[in-house]
Amino acid sequence: MTFLDGEGQIRLQATAANLLTSLASDYEIGEIDEVHREFLDLDVVYIGRAYGATGNRNAISRLMNHETLQRIQGELSVKRPDLDLWLVPLSFQGFSIIGEFGTWVGTVTDAEERAHAEEVERCPIPESQRVALTEGALIKYFDPEYNKNLKGTFPSRNHKDYSAVYSRELIGAGFDLETTPVGTRLGSAKIPHSWAHATVFSLRTDSEKRSILDLTSPQG
C-alpha cells in the first residue's frame, strides 16, 4: 500500500499486513479482536539468539549471513508464495527471581537464613546465560519446525551455557512473552496463537530438588 500527499509525493509505503498490525497495536486488546486475526497471526518456525560470545553482536549483524533464514526464505517462496516472512526481534524488559517459602524444621540461625535468602535474591546470572536460557525455553515451548538443537535437550546440566544456573539453587527457568505492541499473535503447530505466552520448565529432577532442600533446610 502506498500513501501519497496532495502533491503526489510518497509519504508511506507498507504491505497491508504491516499497516494492519501497526494500527492494531494502538488498540485495546478487545478492539484488536475485531480485526481478522487469522490473516495477521504469525507461525513461529525458527528461534535464534543474536547475543555474541562477549555481548558484541546484535540481531542485524546476526542476520546478515544466516543460513537457516536463507533456507526458510527459499522454501517459503516455493511452497507458500502467498505468505510473508516476518522477523520479530525480542529483547529483555525484565529479569525476575521467584522464591517459595514453606514450613520446615532447621538448624540454621536467623542471620544465616537472611544471608542465604539475600544470596539467592542477588543470583548473579550472567546476561549471556539469561539469553541462552530464554532461547532454550522458547524453543522447547513453541517447538519450531526449523530448530534442531535444544528441542530434546533443554534444559541440560551438560549445556555449558547454563553453568551458573546449575551451580546455584535455581530449580526452574521460563519466560513471559506478550506481543500486543507488535500487533500480532504468535503460535506454532504445537501452541495455539495468543497475545501472551508464559511457562516455566524445571531445571532439576525431583531427587535433585529434594537434595537442595535437604542442604538448605537440615532437619533437626
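Does serine 188 count as buried or exposed, and what is its relative accessibility? With a relative accessibility of 11%, serine 188 counts as buried, a term that means under 20% relative accessible area, whereas exposed means over 50% and partly exposed lies in between (1.4 Å probe, protein chains only). This is a predicted model, in which local features need pLDDT of at least 70 and side-chain atom pairs count only at pLDDT 80 or more, while totals for chains, interfaces and linings use all residues. Residues are numbered from 1 along each chain as its sequence is written, and side-chain values use heavy atoms, with hydrogens and water left out.

**Confidence**
- The average pLDDT (the predictor's confidence in each residue, from 0 to 100) of the protein is 78, and 79% of the residues score at least 70.
- Over residues 216–220 the pLDDT is below 50, although this stretch has 11 contacts in the model beyond near neighbours in sequence.
- Where pLDDT is low, the predicted coordinates should not be read in detail.

**Helix α6**
- Helix α6 covers residues 127–142, and its end C-alpha atoms lie 22 Å apart, which agrees with the 22 Å that its 16 residues should span at 1.5 Å a residue; the expected span is 1.5 Å times one less than the number of residues.
- Helices (H or I, at least four residues) and strands (E, at least two) are DSSP runs, numbered from the N terminus.
- Because 12 of its 16 residues are buried, α6 is largely enclosed by the rest of the structure; among the buried residues are Leu133, Glu135, Leu138 and Phe142.
- The cover over the buried residues of α6 includes α7 (163–166), β4 (172–178), β5 (186–187) and β6 (196–202).

**Two loop residues**
- Serine 188 sits in the loop between β5 and β6 and, leaving aside its neighbours within four places in sequence, is in contact (heavy atoms within 4.5 Å) with Val44 and Phe142.
- Aspartate 143, in the loop between α6 and α7, follows α6 with a positive phi near 50°.
- At 37% relative accessibility, aspartate 143 counts as partly exposed, and it touches Leu138, Lys151 and Lys190, not counting residues up to four places away in sequence.
- Although aspartate 143 and valine 44 are 99 residues apart along the chain, their C-alpha atoms are separated by 8.5 Å.

**Second largest pocket**
- The second largest pocket is lined by 13 residues, with Tyr46, Arg49, Glu135, Asn149 and Leu150 nearest its centre.
- A pocket is an open set of points on a 1 Å grid over the protein atoms alone, where a 1.4 Å probe fits, with protein on both sides within 12 Å along at least five of seven lines, and lining residues have an atom within 4 Å of a point.
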